[in-house]
Amino acid sequence: MKTLLSSIVAISMIFAPLANACTAINLKAKDGTVIAGRTMEWAFDMKWTLLAQPQGSPVLISAPDFLNLPSKKLSTKYAFAGIYPAVLEGSPAILEGQNEVGLGLSGNFLPGFTEYQKITPQDKEYVSIINFGTLVLGMFSTVKELKAELPKYKVWYNPSEIKGSPTPPWLHFVLTDRTGDSMIVEFVKGQMVIHDNVANVLTNAPTYDWHINNIRNYLSLTNTATPSVVVNGTNVTEIGQGGGLMGLSADYTPPGRFVRAAYLSQFAYQPNESADASQLMAHLLNNVDIPKGVSRSTAGKEVVSDYTQWVNLKDLKNNRMKIANYSNRTNYIEIDLNQVFTSGKSMAWAVDQLPYPNNDMTSQLLK
């Protein structure tokens, strides 16, 4: 037992300074609109960039150089918009985005459990984790198609290809299409593992199946509290609403955020259409938003703090995207991606430099 506890503590110390607290949630409105939202938390300036790529853009399919296996460039079937960390040199590593046929992708950090696949000279289909997001958004249209085709690829990682990142790309992904069908892709013990996204939520470590089992610890939670009970002949009433959620985790750990996001999205009234669903998604993600300074890690004398660097809402039915960064958390930029996609242009914008609205109406109200 002491050995097990020591191992857990050691792992925690290794990964604590690199903590990343992303949360992804899916919602489906009554009119069929699917909104896939996510927060991106990090402790470092990753120079996040929004990239639009037209149909026919290249996707590099390659193996590690030392294997001398053939590489090829595919041409994307679909235009897409994605967000990547520009601190990385080389191909954009798309961690968030959606394509023109309504497939959405969100990549979340999975340290301590991720082990990518090993490429052998006999393999024919392979892709670097750096190009995984571009492959998914550029070449596939539905979750059903992904389940059939994605396991044909081996996904690999070589430290020599990553320059500029404060940490290796330990990632798992939630992939959702405009029907609401959703799946989780993880790389565990050198194998690709696919789960149906039954909770419509993804956070970080441990793996998805662990989080689903952990939900069973919270079966007593309810959105309807007990209004009163009689104790020794005395009617004792509740002191306020919300008592049914006593015991709901309020911390920022991945298990805590997973449970909170899963229950709140389950209990909330189903939205009617796109605008309602986007508003609900923003409210849900507010519950896992991390202010600077409240989630800190230490590594020696260095202290770092995870915080919500940006939030993205993807309307997969109507091809619209809403983004807000830390400094403009209540003011979303909205983009009609249909117009971006039909332009046929490749474009890029720094997320922190988007033209966020200024809502100061004082001068107009005083007229």
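How many bridges pair strand E6 with E7, and in which sense? Four, and the sense is antiparallel. Strands here are DSSP runs (E, at least two residues), numbered from the N terminus, and two of them pair if DSSP finds at least two bridges between them.

## About the model

This is a predicted model, where local features need pLDDT of at least 70, side-chain atom pairs count only at pLDDT 80 or more, and totals for chains, interfaces and linings use all residues. Residues are numbered from 1 along each chain as its sequence is written, and side-chain values use heavy atoms, with hydrogens and water left out.

E7 covers residues 96–99. Glu 96 and Gln 98 point one way, Gly 97 and Asn 99 the other, and all are buried (under 20% relative accessible area, 1.4 Å probe, protein chains only). In a regular strand, side chains alternate between the two faces of the sheet.

E7 and E8 (residues 104–109) run antiparallel, joined by three bridges. Their hairpin has four residues between the strands, and Gly 102 there takes a positive phi near 85°.

Zooming out, eight strands make an open antiparallel sheet in the order E13-E12-E11-E8-E7-E6-E3-E22. E13 (191–196) and E22 (347–350) stand at the edges with a single partner strand each, so one side of each has no neighbour in the sheet.

Elsewhere in the sheet, E11 (residues 171–176) and E12 (residues 182–188) run antiparallel, joined by four bridges.

Notes: Buried < 20%, exposed > 50% of the residue type's maximum accessible area, 1.4 Å probe, protein only.
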